[in-house]
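Trainee: I would like to work through this model with you. Where do we start?

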Amino acid sequence: MGGLRFEGTSFFVAGRFERLPKSRVERELASRGAKLHRRLNRHTDFAVVTHEAAGRIASPAFAALRAMEPQRCLSEEAFLRALGLAPALQGKDIEETRLLSLLSLFDVLTPAGGQFGFNDLKVAQHVANLRRRGVSLEMVLIAATELRRRRRGGGAHDLTRLDIAPSGELMMRIGDVLAELDGQMRFAWVQPPPDPDALFEAAEEAESSGALLLAERLYYACLSASPRDPVIRFNIGNVLRDLGRLAEAKAHYLAAVDAEPDFAEAHFNLGHLAMGAGNNKEAIAHLERAVLAEPDYADPLYNLAALYIQADRIRDAVPVLERYIRLDAESKWAREARKLLLACRTVLVPQRRGNEFPSSRRSAAEAAATPLLTPLR
């Protein structure tokens, strides 16, 4: 996927990204001359299938996806790697045949004559969902072995009934009840849990339409199912910020970076909140973390340079502005950054009689240093 062409290309994303807001991906595509389609149509060049969509591949909505040529369907990680938003893969030395044989060796998949059936597809889909929710492959294999030992006569399809208890254990789901692997009942659910993917999509739609209170309720419902999901925390923070509840928004942004320390957008928004509160030292710390996490993320660079200038750290501001201009050469803010960089360089020119910065020049540079006012999601 390293050679994927973006300029003039359109993409559709099925599902949501696990650790990245879709708006960030849309912004990255736009910067490369590509478009993100909200609906899959005949003009869409590529479809990206996210991990969150793993549990819905048998739905009618995926019929159009399945009809596409395989080379036009990208996995989440392959797409993000092509965008430069995920690290390159290392140590990939297991061939597809060997991987399938490892799963088959423990009878997680049960092929016959080298052919896989629909039950194998359902089992693989369910295992992928468990892995997405944090279950290790080792736990799955242990559970499969335990199920065979305790439920003689059962088959690999029993794996599709595995679910995660609040304790983190793998248990059997029997209707609305969770039970030990040997069938002993543990506790009951009052009702089947809602589909977290559908909840998240409804929350995003409510947020984009301006129904912020509804979006807040829906995001909190998602959070109850995935309390450590940094993207859910980030989106709740955005909604609460737009509602004017800044202290609550900050708490959720902090929870997002606690779950994902390199969440650059969350650090950027925390920096914006700190600037609004007049705490420039805290703002600088968060913007520096954003830049460290995403060196090619341009937006925090401008704000960071502006705050450096206001803190009389003009020498530190110059390389930050230079990097910003390299990454964002054409926007309105790039023009402002060039003016600011010129002012900084003027300040740094030593006077003939000494090395003091001319105060009038420094004041001009500080006056020009206006941070971005709107954080991007």
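**Charged pairs and cores**

Mentor: This is a predicted model. The structure holds 17 salt bridges.

Trainee: With which residue does Glu26 form a salt bridge?
Mentor: Glu26 lies in helix α1, and its partner sits in the loop between β2 (35-37) and β3 (46-49), so the pair ties together parts that are 12 residues apart in sequence. Glu26 is partly exposed at 29% relative accessible area. The closest N and O atoms are 2.8 Å apart, and the partner is Arg38.

Trainee: Is Arg38 buried or exposed?
Mentor: The cut-off for exposed is over 50% relative accessible area. Arg38 has 51%, so Arg38 is exposed.

Trainee: Which side chain of opposite charge is nearest to Lys22?
Mentor: Lys22 lies in helix α1 (residues 22-31). Lys22 touches Val13, Gly15, Phe17, Leu36 and Arg38, leaving aside residues up to four places away in sequence. A salt bridge needs a nitrogen and a carboxyl oxygen within 4 Å. Lys22 is buried yet has no salt bridge; at 4.6 Å, the nearest side chain of opposite charge is Glu204.

Trainee: Which residue meets Arg345 in a salt bridge?
Mentor: Arg345 lies in helix α15 and the partner in helix α14, so the pair ties together parts 23 residues apart in sequence. Arg345 is partly exposed, with a relative accessible area of 41%. The N to O distance is 2.7 Å, and the partner is Glu322.

Trainee: Which residues do salt bridges with shared partners join into one network?
Mentor: Start from the total of 17 salt bridges. Some of these share partners, and the network they make joins Arg24, Glu28, Arg32, Glu265 and Glu294.

Trainee: Which residues touch the most other members of the largest nonpolar core?
Mentor: Helices α11 (264-276), α12 (280-293), α13 (299-310), α14 (314-327) and α15 (332-348) each supply at least two residues of the largest nonpolar core. Tyr324 has contacts that include Ala298, Leu301, Trp333 and Ala337. Of the 31 core residues, those touching the most other members are Leu304, Leu321 and Tyr324.

Trainee: How many residues has the other core, apart from the largest one?
Mentor: Its members include Leu212, Leu223, Ile232 and Leu270. The count is 24 residues.

Trainee: Which helices do the buried residues of α8 pack against?
Mentor: Helix α8 (residues 212-225) reaches 20 Å from its first C-alpha to its last, close to the 20 Å expected. Its buried residues are Leu212, Ala215, Glu216, Leu218, Tyr219, Cys222 and Leu223. They pack against α7 (196-208), α9 (230-242) and α10 (246-259).

Methods:
Residues are numbered from 1 along each chain as its sequence is written. This is a predicted model: local features need pLDDT of at least 70, side-chain atom pairs count only at pLDDT 80 or more; totals for chains, interfaces and linings use all residues. Side-chain values use heavy atoms; hydrogens and water are left out. A nonpolar core is a set of buried Ala, Val, Leu, Ile, Met, Phe, Trp, Tyr and Cys residues joined through side-chain atoms within 4.5 Å. Buried means under 20% relative accessible area, exposed over 50%, partly exposed in between (1.4 Å probe, protein chains only). Helices (H or I, at least four residues) and strands (E, at least two) are DSSP runs, numbered from the N terminus. Contact means heavy atoms within 4.5 Å. The expected span of a helix is 1.5 Å times one less than its number of residues. Lys and Arg count as positive and Asp and Glu as negative; His and the chain ends are not counted.
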